[in-house]
Amino acid sequence: MCKFGSNTRGYNQSHYRSLKMQPRRVTCQHLTAVCLPQPTPLDKAQAHTESSKSCQGYRAMTGLIEGIEKFDSPGKGRGLRVTKAFKVGELLFSSPPYSYVLSVEERGNYCEFCFTRKEGLARCGKCKKAFYCNAKCQKGDWAMHKLECSAMNAFGENWCPSDTTRLVARILAKKKMMKERCVSEKMLLIEELQSHLEDEDNEKRERNDTDIAALHRFYPKHLELPDNKDLLTLYSQVACNGFTIEDDELSHIGTAVYPDVALINHSCLPSVIVTYDGTSAEVRAVQDMKPGDEVLISYIDLLYPTDDRNNRLRECYYFTCDCLECKTKSKDKAKLKIRKQRDPVEPHAVNNMIRYARNTVREFRALKHVKSILDSVAPPSELLDMCEQSLEKMGAVFDDSNVYMLHMTYQAMGVCIYMQDADGAIRYGEKILKPYSKLYPPYSLNVSSMYLKMGRIYMNMDRNSEGISALKKAMAIMEVAHGKNHPFLKDLRKEIGQK
């Protein structure tokens, strides 16, 4: 799980799936079902009912989640704590989204309404861009899809709002549609989400201005837009409180807002983890919890040392973590492990290499987005060369288990997966698994996703024994993080059984 926009790892999230899970390029040949017609006027009324259904019948439960209460967390503001004991793997609560949107890059792979991944999705008969399991899912999504359907036809290839803008548009439409609080607002109303508008730098303000311009350009037909100040506040709320919905390999599927889940504060020693079943968020314990314990998740990738983590938190969420791990920095030495040499490496050489590593990570992060856009003229092999050169340079000082080495090794693995180079992906991946298991907290999805990737690549190479072993290790983590009956686990058991 990561909060919206906080996952900065990976060449391109949709390209980082294992070779077996490569996303399909959607063409008419991929569809076994006919196009779905645009809903009729009667269907539109039914669609409004479907969209409203999730927020009706729950008003009596307002403010109540069994075993959970809202409280003022010292030094953190609002938070959640448990009022009864929870064991590792136990579900604290689940929440449907207030609003959500499937990533444009995943259209054709997942149903726009329920986020089911399947072959043979049928597409909207009007825009030909949105895909659904069946007419029921299309009707359920119509209240939101109609915001985009006509505009996508009118603008054609020029239709290009960001996923953030698409989510904001749906939140505005939902606010107008719903007069009562929803089941996703038992503890916190959407309007009460924290905003950090006054803390945003010029770059974020410029991005918000661009997104607001896109909102006015692409969504004027179906939305009554509030004034600019209110829009800026809403964009800030989404940036700080939105969640990235991910698949079992942590590839980005979509984005969503869950007001109640957004109440959970951050810790680098999290007590719970958030996973997704379709579009619903599920909060499960990854530590045994006793009454009075605060519910804590990690907003960021926990692989990195304390200074890096807090720089990321200040950049995205405007606070510094003061958890026990941040105070003691107990794992920093292992995360910044130096290669053993005959003559000890001088401290200034280590500091210089850390600066080089951080700069390389930033440069790669910027470059990978350009490459993903210009892939046809700028092959990803250039990114692989960059990874290998940086690994060679850092390797003169850093141990292979140093997190900066692991970061670039992971990038190299991802590029190999993108290029369908199974041998290369295995070569890099095998260097990652053992350090990941030591440096990440227990039941980390980063570890399970690596085992899944490696297991599926092994299977694809007919190395079934190694593949099954890796998949079983992934399954042991996922049974805690997702619950034993999650669809991911059911599919994984079938996957193992077939071999």
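Let's start with an open sheet of three strands, which run in the order β4-β12-β11 with antiparallel pairing. Strands β4 and β11 stand at the edges with a single partner strand each, so one side of each has no neighbour in the sheet. From one strand to the next, the twist averages 20°. β4 and β12 pair in the antiparallel sense over four bridges, and S95 stands opposite A281 in β12. Here, strands are DSSP runs of E with at least two residues, and helices are runs of H or I with at least four, numbered from the N terminus; two strands pair if DSSP finds at least two bridges between them.

| β4 | 91-95 |
| β11 | 272-277 |
| β12 | 280-285 |

This is a predicted model, in which local features need pLDDT of at least 70 and side-chain atom pairs count only at pLDDT 80 or more, while totals for chains, interfaces and linings use all residues. Residues are numbered from 1 along each chain, and side-chain values use heavy atoms, without hydrogens and water.

Finally, helix α13 (residues 422-429) is mostly covered, with six of its eight residues buried, meaning under 20% relative accessible area with a 1.4 Å probe, protein chains only.

Note on methods: Buried means under 20% relative accessible area, exposed over 50%, partly exposed in between (1.4 Å probe, protein chains only). Axes are lines fitted to C-alpha atoms, for helices over the stretch in contact, and angles run from 0 to 180 degrees between N-to-C directions.
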